[in-house]
Amino acid sequence: MWDTQRIRTNTTPRHVPAKVVQVTHIPRTKSGKLVELAVRNAVHGQAVRNVEALANPEVLDQFRNRAELRG
């Protein structure tokens, strides 16, 4: 199981999340790239731009309105 300490040890500080939550999938573009900005926007209740470019836009729902990600 990943935790912030393991992530901090194995990546750069930019990639250390404030919280780690389990989801079934991570949203990706149709070419397979991860879309961190779309996740951030979904977490913060902001509109996700260019949803048409996502291969699996439905997984953004896993990041919306989650109590453990608030404030």
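Which residue does R66 meet in a salt bridge? The partner is E68, and the side chains approach to 2.6 Å, N to O. The model examined here is predicted. R66 counts as buried because its relative accessibility is 19%, and the cut-off for burial is under 20%. E68 has a relative accessibility of 35% and therefore counts as partly exposed.

R64 is partly exposed, at 32% relative accessibility. The count of salt bridges comes to two. The protein carries 12 positive and 6 negative side chains. The centres of these two sets lie 6 Å apart.

The overall architecture was examined next. The protein has two helices and zero strands. Helix α1 covers residues 4-10, and helix α2 covers residues 36-43. The C-alpha atoms fill a box of roughly 35 × 30 × 20 Å along the principal axes. Of the 71 residues, 24% are buried. The accessible surface comes to about 5,600 Å². Carbon and sulfur atoms account for 52% of that surface. Among contacts with a separation of 6 or more, 45% join residues 24 or more positions apart.

In soluble globular proteins, nonpolar side chains tend to be buried together. The largest nonpolar core of this protein has nine residues. Its members are V23, V35, A38, V39, A42, V48, L54, L60 and F63. Core residue V23 also illustrates how separate parts of the chain meet. With residues up to four places away in sequence left out, V23 touches Q62, F63 and R66. F63 belongs to the core as well.

Helix α2 contains N41. This asparagine is buried, with a relative accessible area of 12%. N41 touches Q46, A47 and V48, again not counting residues up to four places away in sequence. Of these, V48 is one of the nine core residues. Two residues of the core, A38 and A42, fall within the 36-43 span of helix α2.

V51 lies in the segment after helix α2. Its relative accessibility is 31%, so V51 counts as partly exposed. V51 and T29 are 22 residues apart in sequence. Their C-alpha atoms are 8.9 Å apart in space.

Helix α1 holds both I7 and R8. R8 is partly exposed, with a relative accessible area of 46%. Distances from this helix to other parts of the chain were also computed. I7 and R28 are 21 residues apart in sequence and 20 Å apart, C-alpha to C-alpha. R8 and K33 are 25 residues apart along the chain, and 22 Å separates their C-alpha atoms.

Notes: Residues numbered from 1 in each chain as written. Predicted model: local features only at pLDDT ≥ 70, side-chain atom pairs only at ≥ 80, totals over all residues. Heavy atoms only, no water. Helix = DSSP H or I, 4+ residues; strand = E, 2+ residues; numbered from the N terminus. Buried < 20%, exposed > 50% of the residue type's maximum accessible area, 1.4 Å probe, protein only. Contact = heavy atoms within 4.5 Å. Areas by Shrake-Rupley, 256 points an atom, 1.4 Å probe, with all protein chains shown as cover. Lys, Arg positive; Asp, Glu negative; His and termini not counted. Charge placed at Lys NZ, Arg CZ, Asp CG, Glu CD. Core = buried A, V, L, I, M, F, W, Y, C linked by side-chain atoms within 4.5 Å. Salt bridge = Lys/Arg side-chain N within 4 Å of Asp/Glu carboxyl O.
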